[in-house]
Amino acid sequence: MLRSFSRPLMLCSSARGLCVASRRSLFCSPPTIRAVRRKGRFESPRSRFLASKGFKIRAVSLLDIRNMSASPSPSSVVAPILTEDGEGMKFLSGVDDRYGGVIVEMKAPMDSVTFVSSLRASLSNWRQQGKRGIWIKMPIGLVNLVQPAVEEGFWFHHAEADYLMLVFWIPDTHHTLPVNATHRVGVGACVMNDNGEVLVVQEKSGILRGTGIWKFPTGVVDEGEDIHAGAVREVKEETGVDTEFVEVLAFRQSHKAFFEKSDLFFVCSLRPLSFDIQKQESEIEAAQWMPFKDFAAQPFVEKHELLKYMVMICSAKKEGTYAGFSPLRIKSGFSEKDSFFFLNNRDLTGQ
């Protein structure tokens with residue numbers, strides 16, 4: 001007998017669930033609710049008897065029942081009254097995705113008991129609807145709900161500065177959810193003027209710091225930034241030189257490059273629009289226009305296979321014997337948003 005309320009609680013259990021009666025309410029776990037309520041009426045003798053005595057039925061998880069022993073009133077029960085007209089539990093609010101799943105974006109503060117109760121009810125509801133992948137976007141302000149979600153079977157998919165994405169697979173099959181982003185995108189800029197000079201820098205940090213090695217301006221493309229825009233931005237940030245994007249000359253793919261992620265590095269050709277250099281004080285030790293032949297003659301460049309090919313390609317581009325890939329703005333059949341298709345326009349159209 002439990003004595004957390006002003007009068008004793010009556011416990012009744014079955015193979016399908018647990019019921020607790022307090023004052024004039026009956027709290028039942030979801031399996032019991034499903035067992036006793038069929039087609040708008042209570043079918044078991046016990047439930048019909050309790051209903052005839054004026055008891056109301058409430059859905060409650062076993063976790064809530066444990067918490068009731070330390071609660072001064074039944075107001076801590078998460079789910080609303082399950083009335084005879086079929087109104088039931090509070091579900092987490094979400095939107096359907098294109099692949100038979102649901103995306104839930106948590107926003108309002110919620111205690112873990114309330115969250116677990118609503119999550120369990122929602123998962124049961126989504127399972128009945130035949131949903132597959134369940135995504136929960138958890139903002140950093142609701143970090144207290146991460147562990148309860150993991151304990152219910154969710155796992156981490158990816159994280160950003162202000163949120164963590166959790167995921168759950170409902171079917172009893174191997175999941176087909178897409179993995180987290182696998183590649184980082186970098187750019188290197190070959191900027192050559194009409195005098196046969198190439199724009200180069202020495203870095204203040206990284207593996208080349210203090211080596212005296214001159215290199216092309218390089219960097220990482222920002223989220224939502226196009227490759228050609230990233231190349232133009234990096235040159236401007238590191239050297240102060242304005243440029244016009246010409247082509248992607250080549251690209252390299254490598255693996256296990258940055259926190260176990262793969263890396264795509266695009267070598268780009270840019271045309272200078274200004275020539276005065278204002279180096280980036282925070283990252284660049286020095287910047288200059290250097291004769292291309294002097295750049296190519298550096299011992300480090302001659303020994304580095306990637307740099308050797310970059311020099312060969314840039315030289316061929318300078319001589320007009322090599323054509324790279326230029327961006328063509330298009331709309332695909334899957335989205336109305338603009339995107340860029342890179343192609344060898346010279347060989348395709350003769351221009």
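Me: How far apart are the closest N and O atoms of Glu237 and Arg233?

Reply: This is a predicted model, in which local features need pLDDT of at least 70 and side-chain atom pairs count only at pLDDT 80 or more, while totals for chains, interfaces and linings use all residues. Residues are numbered from 1 along each chain as its sequence is written, and side-chain values use heavy atoms, with hydrogens and water left out. Glu237 and Arg233 are 4 residues apart in helix H6 (residues 227-239), so about one helical turn separates them; helices here are DSSP runs of H or I with at least four residues, strands are E runs of at least two, and both are numbered from the N terminus. They form a salt bridge (a side-chain nitrogen of Lys or Arg within 4 Å of a carboxyl oxygen of Asp or Glu), and the distance is 3.2 Å.

Me: Is Arg233 buried or exposed?

Reply: Buried means under 20% relative accessible area, exposed over 50%, and partly exposed in between, with a 1.4 Å probe and protein chains only. Glu237, at 36%, is partly exposed, whereas Arg233 has a relative accessibility of 18% and therefore counts as buried.

Me: Which strand holds Asp263, the partner of Arg252 in a salt bridge?

Reply: The closest N and O atoms of Arg252 and Asp263 are 2.9 Å apart. Arg252 lies in strand E15 (residues 243-258), so the pair ties together parts 11 residues apart in sequence. Asp263 is buried at 6%, and its strand is E16 (residues 261-272).
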